[in-house]
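Thank you for making time for this at group meeting.

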Amino acid sequence: MISHAEPLPSPVQRVETQRWYVLAVFSTVSALNNVVWITFSSVSPSVAAEYYGIHRRELNQLLNYGPLLFLLVAPFTSWLLTRPSGMRYTVLLGAFLVFAGSIVRIVPTWAFTEHNRCAGEGRWLLHLGQILNALSGPLVISPVSRLSALWFPAEQRAGATAIAQVANGFGSAVSWFLGPWLASTASGEPATTSLAFREGLRQACMNRSFLLLVAAFGMCGVQQAWVAQLQTLLQGVLGAKAIGVLAVVEALACTLCGVACGFIADSKFRRRFKLLIVLALTICTLASIHFMLSLSSPFSSRPIFPTNAQMIGVSILIIGSTLGTAMPLLFELSAELTYPVPEGTSAGVMLWVFNMGCFVLLLVSSYMSVAWINVIWTLTLIMTTLLMCAVDEQYRRSDAEDQIRGTI
């Protein structure tokens with residue numbers, strides 16, 4: 001009898017399908033984390049004040065739970081990733097916290113009358129929901145390079161890291177897109193490593209180039225706070241919906257360019273990540289200067305460049321695309337520099353400092369003129385580019401894998 005049944009997929013095909021499924025699940029959870037985090041910043045401050053009775057300083061406080069709790073939870077995440085089945089438990093715990101935080105934040109809308117809600121009753125539930133979601137941050141952001149190392153071969157690793165890393169920013173795009181429209185009115189087999197967390201952390205912190213890279217990446221954390229302040233920065237210049245569109249453009253450009261350049265780096269720029277990173281950061285700095293000078297600044301009450309949506313949009317598009325290019329490569333380069341330190345440890349250190357930068361700017365932004373936020377963002381980009389120029393590019397993990405394959 002001749003069977004017409006489809007042939008069973010080979011073990012290689014099953015693994016190939018499974019690795020992309022795992023990446024898709026992780027990326028979805030990471031994106032949802034940012035959707036929840038930036039919800040209140042995606043709408044006009046006046047809308048949030050009318051609906052929940054919260055104002056700019058409290059909005060900043062809701063945002064600041066993200067970087068603050070990241071600083072506290074990141075060491076635990078890095079430790080957990082070194083344990084048996086640590087990757088699985090990390091993602092499961094992160095997904096649960098995102099879910100729990102989202103449910104808690106809905107309660108004021110369900111349980112309180114419009115009058116009581118607008119008077120501020122039940123606001124503590126908003127804070128609790130933000131805190132639960134913030135606790136998930138390190139769990140769904142830190143493992144990006146660890147996931148790609150566990151599930152993807154070397155020739156696909158930068159692309160996989162790029163997808164996992166930019167997914168969190170893509171969540172921001174979703175929130176910025178939906179916010180202004182939904183709330184316009186109120187009525188994101190490798191060479192094995194087995195170092196314990198503490199020893200891995202010690203070795204990473206003794207690596208000069210890694211410390212320079214961490215400092216550079218930490219300064220990029222200011223960008224998270226800068227994007228979260230766009231409604232405030234451009235209030236009175238553009239409408240809330242126009243600002244929402246520009247924020248979507250920034251996040252989508254970051255996402256698409258991150259993925260595209262990750263795969264390009266895998267095929268065309270292996271062992272040359274630093275070149276792409278420095279080039280991207282230089283262009284980003286120039287675009288940031290243009291954005292700053294298109295608005296009033298502490299140095300001039302009148303903008304130097306024309307203030308219109310088109311020119312501001314061009315600057316934001318370039319900022320998003322160049323940062324999207326640089327950030328996944330920074331994760332991969334850190335894993336190469338610190339090998340045999342586990343990828344979760346090096347990524348955890350980077351993201352801890354990254355969120356410290358975000359936390360500091362959000363903390364002080366309520367007490368300064370919004371014009372200074374653009375100045376701080378531009379100065380940190382200049383410093384980031386200079387620090388990256390001083391990094392000594394090494395590919396220790398790739399060298400170890402080549403030795404295992406007998407190609408050296």
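Let me begin with helix 15, where 17 of the 23 residues are buried, so that this helix is largely enclosed by the rest of the structure. By buried I mean under 20% relative accessible area, while exposed means over 50% and partly exposed is in between, with a 1.4 Å probe and protein chains only. Helices here are DSSP runs of H or I with at least four residues, strands are runs of E with at least two, and both are numbered from the N terminus.

Before going further, please keep in mind that this is a predicted model, in which local features need pLDDT of at least 70 and side-chain atom pairs count only at pLDDT 80 or more, whereas totals for chains, interfaces and linings use all residues. Residues are numbered from 1 along each chain as its sequence is written, and side-chain values use heavy atoms, with hydrogens and water left out.

What does helix 15 pack against? One partner is helix 10, at an angle of about 40 degrees and with the two axes 7 Å apart. Those axes are lines fitted to C-alpha atoms, for helices over the stretch in contact, and the angles run from 0 to 180 degrees between N-to-C directions. Helix 10 and helix 15 are therefore oblique to each other, given that angles under 35 degrees count as roughly parallel, over 145 as roughly antiparallel, 65 to 115 as roughly perpendicular and the rest as oblique. Helix 10 passes helix 15 in a right-handed crossing; a crossing is right-handed if the near helix is turned clockwise from the far one by less than a right angle, and left-handed if anticlockwise. The residues that meet include Phe 210, Leu 213 and Phe 217 in helix 10 and Ser 346, Met 350 and Phe 354 in helix 15, where contact means heavy atoms within 4.5 Å. By class, this contact of helix 10 with helix 15 has 16 nonpolar, 5 polar and no charged residues. In that count Ala, Val, Leu, Ile, Met, Phe, Trp, Tyr, Cys and Pro are nonpolar, Asp, Glu, Lys and Arg are charged, and the others, Gly among them, are polar.

Helix 10, residues 208-228, also packs against helix 14, residues 309-338, with axes that come within 11 Å and cross at roughly 150 degrees. That makes helix 10 roughly antiparallel to helix 14, and here the crossing is left-handed. Among the residues making the contact are Phe 210, Leu 213 and Trp 226 of helix 10, with Leu 330, Ser 334 and Leu 337 of helix 14. The class count for helix 10 with helix 14 is 12 nonpolar, 4 polar and no charged residues.

Leaving aside neighbours within four places in sequence, Ser 334 is in contact with Phe 210, Leu 213, Ser 346 and Met 350.

Between helix 14 and helix 15 there is a loop that holds Pro 340, and a cis peptide bond, with omega about 15 degrees, joins Tyr 339 and Pro 340.

Another loop residue is Ser 142, placed between helix 6 and helix 7, and at 0% relative accessibility Ser 142 counts as buried. Beyond four places in sequence, the residues that Ser 142 touches include Phe 70, Ala 347 and Leu 351.

Ser 85 sits in the loop between helix 3 and helix 4, with a phi near 60 degrees, a positive value in a residue other than glycine. Ser 85 is partly exposed, with a relative accessible area of 47%.

Finally, Gly 258 is found in helix 12 and counts as buried at 1% relative accessibility. How far apart are Gly 258 and Gly 324, in sequence and in space? The two are 66 residues apart in sequence and 4.2 Å apart in space, C-alpha to C-alpha.
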